[in-house]
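Q: Could you take me through reading a sheet and its strand pairing, and then a charged residue within it?

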Amino acid sequence: SENDYNSSFFNIDTAFDFNQKNTTLALGYGFSSDNVWAIEHCPSHCDGSNGIIGQYRRPDISGDKQTHQALFGITQILDKYSLLQANLTYSHSSGYLSDPYKAVYTPWVNDPYPNYADSGYSHDTRPQEKHQFSILNRYIKNFPNLNAAALHLDYRFYIDTWQINAHTFELSWHQPLATHWSVIPKLRYYSQSAAEFYQPFFYIPRADGYYSSDYRLASFGSFSGGVHIQKTIFNDMNLNFAIDFYKRDYSAGINGNAGSSVDNYTFSVFSAGIRYKF
């Protein structure tokens with residue numbers, strides 16, 4: 001629960017081994033029921049009767065949404081040093097799927113609320129239904145002669161009914177070292193196409209009335225990677241250190257449709273942690 005979002009959810013999953021435990025089937029199902037609304041600064045006449053002192057809920061920007069998600073996966077051991085995994089995920093969302101805090105430049109529309117400094121903006125408005133499909137393929141190869149190092153190769157394809165399709169490629173190397181140290185370098189490339197109702201700006205009305213300038217729905221590509229270092233102590237405690245970087249660029253995608261350089265950004269993350277099992 002947050003001041004502008006409530007979510008209730010559950011999930012259940014199971015796995016079955018057969019073929020002398022060389023094959024594993026995984027099944028899963030999840031459901032979430034959410035309520036979302038926009039919060040604005042409370043006008044001078046507001047008395048806090050809605051339970052939020054100093055703020056109020058925008059009456060025109062709120063709604064409920066529900067999501068069902070199903071997973072089917074299979075893992076096959078190829079030999080004692082390698083395995084192959086494939087996961088198929090399907091998700092169906094319905095209800096209020098727009099972003100309550102984003103505006104879209106639509107100069108033929110005047111927003112009746114005074115929270116936008118200039119006229120010509122309207123709310124982010126998206127379809128009330130979305131079907132999502134994704135398939136993840138993973139290959140893991142162990143190298144016993146390299147101190148039990150392992151190569152991980154992942155490819156994920158995603159597509160939805162908002163006309164977004166995406167490709168993810170990830171490569172990582174898991175290298176155990178002496179005295180219970182290990183190092184894991186990884187690289188990742190991601191590319192997606194834009195949603196059919198996305199544009200940085202809109203100058204012509206759409207027949208379906210859907211508009212969004214959310215950078216997450218744009219066409220773009222991204223590169224990320226880093227190095228994770230771990231140390232096991234007393235078999236129960238794990239120390240970990242990580243350096244990760246991320247670069248997003250609208251021109252780095254392989255789909256080549258709507259996007260904007262305004263949404264390009266980079267960041268780096270440095271982290272350290274302790275995990276203890278008991």
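Q: In which sense do strand E2 and strand E3 pair, and over how many bridges?

A: Strands of a sheet pair through backbone hydrogen bonds, either parallel or antiparallel. This is a predicted model, in which local features need pLDDT of at least 70 and side-chain atom pairs count only at pLDDT 80 or more, while totals for chains, interfaces and linings use all residues. Residues are numbered from 1 along each chain as its sequence is written, and side-chain values use heavy atoms, with hydrogens and water left out. Strands are DSSP runs of E of at least two residues, numbered from the N terminus, and two of them pair if DSSP finds at least two bridges between them. Here E2 (residues 23-41) and E3 (residues 55-79) pair in the antiparallel sense over 18 bridges; Val-36 has Gly-63 in E3 as its bridge partner, and Phe-31 stands opposite His-68.

Q: What joins E3 to E4?

A: A hairpin joins them through two residues, and E3 pairs with E4 (residues 82-95) in the antiparallel sense over 14 bridges, with Leu-88 in E4 as the bridge partner of Phe-72.

Q: How many strands form the open sheet?

A: Eleven strands form it, in the order E1-E2-E3-E4-E7-E8-E9-E10-E11-E12-E13, with antiparallel pairing; the edge strands, E1 (5-18) and E13 (265-276), each pair on one side only.

Q: Is Lys-231 buried or exposed?

A: Lys-231, which lies in strand E11 (residues 220-233), is buried, that is, under 20% relative accessible area with a 1.4 Å probe and protein chains only. Lys-231 has no salt bridge (a side-chain nitrogen of Lys or Arg within 4 Å of a carboxyl oxygen of Asp or Glu), although the backbone oxygen of Thr-179 lies 2.4 Å from a polar atom of its side chain.

How values were computed
Helix = DSSP H or I, 4+ residues; strand = E, 2+ residues; numbered from the N terminus. Buried < 20%, exposed > 50% of the residue type's maximum accessible area, 1.4 Å probe, protein only. Lys, Arg positive; Asp, Glu negative; His and termini not counted. Polar contact = N/O pair within 3.5 Å; in protein donor to acceptor, adjacent residues only side chain to side chain.
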